[in-house]
Amino acid sequence: EVIASQNFALKINKKDVTITIFDKTSVYGENLEELTYTNTEICDGDNLNVTLTKESGVDAGDYAITGTINNDNYNPTFVNGTYSITKKLVTVTYENENLYYTGLNQINKLNKPIFSGIVTGDENLFTYSYYLNDKTETAKNVGTYVTKLDNVEFDNYNLVDETQTTTEIKAVDLTITANDN
């Protein structure tokens, strides 16, 4: 009985796998969400060793999420995701102060804006000025004055509520006492 032997070269092709990266969203100044994905079927016991990376940046905007695998047995096709960082909402309220005529410029006492929700370190971005009805730079006479915010366009913030308010400098009640002298 003759048994023949022959050597064969077998080629095992890589298995195709599709990896879909989930889109993520967070608000400027908050912690970033964990990057996640799903994939088509892989062989039992295998691990693709997927590494996901978000494009560098933490300002409001859209960033690509891409991936790589570390498993030579698979031919990956990635469906990249997008990481969206949305603008943070900042609430504007005003510190109201009752003002009465003093004869002095009271521009620094007009209603001051209070910003709630600013990320620590960004406070200096929020400036305001006093816009006076008569275009002067003093607020000393009886009348109504407008406090108006400047620089209300921010890359990372949306302002909620009013960007201006009014303050009234009221007349002072005078008491005149006649002297009999």
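Which residue stands opposite Ile19 in E3? I looked this up and found Asn39.

**Ground rules.** I am working with a predicted model, where local features need pLDDT of at least 70, side-chain atom pairs count only at pLDDT 80 or more, and totals for chains, interfaces and linings use all residues. Residues are numbered from 1 along each chain as its sequence is written, and side-chain values use heavy atoms, with hydrogens and water left out.

**Sheet with E1.** I took strands as DSSP runs of at least two residues, numbered from the N terminus (helices, H or I, need at least four). I counted two strands as paired if DSSP finds at least two bridges between them. By that rule, E3, E1 and E6 make an open sheet in the order E3-E1-E6, with mixed pairing. Strand E3 (37–39) and strand E6 (74–79) are at the edges with a single partner strand each, so one side of each has no neighbour in the sheet. I noted an average twist of 25° from one strand to the next; axes are lines fitted to C-alpha atoms (for helices over the stretch in contact), and angles run from 0 to 180 degrees between N-to-C directions. Strand E1 (residues 15–21) runs antiparallel to E3, and three bridges join them.

**Sheet with E8.** I found another open sheet of three strands, ordered E10-E8-E13, also of mixed pairing. Its edges are strand E10 (112–116) and strand E13 (157–160); each has a single partner strand, so one side of each is left without a neighbour in the sheet. The twist here averages 35° from one strand to the next. Strand E8 (residues 88–95) is parallel to E13 and joined to it by four bridges. I checked Leu89 and found Asn158 of E13 opposite.

**Loop between E11 and E12.** I next looked up Ala139, which lies in this loop. Is Ala139 buried or exposed? Ala139 counts as buried because its relative accessibility is 0%; buried means under 20% relative accessible area, exposed over 50%, and partly exposed in between (1.4 Å probe, protein chains only). I also took the C-alpha separation of Ala139 and Asn80, which is 57 Å for 59 residues along the chain.

Val142 is in the loop between strand E11 (128–131) and strand E12 (143–149). Val142 counts as partly exposed because its relative accessibility is 47%.

**Surface patch.** I found Val142 again in a nonpolar surface patch with Tyr100, Tyr101, Val172, Leu174 and Ile176, together about 650 Å² of accessible area.

Key. Patch = residues over 30% accessible without salt bridge, like charges linked within 9 Å, V, L, I, M, F, W, Y side chains within 5 Å. Areas by Shrake-Rupley, 256 points an atom, 1.4 Å probe, with all protein chains shown as cover. Salt bridge = Lys/Arg side-chain N within 4 Å of Asp/Glu carboxyl O.
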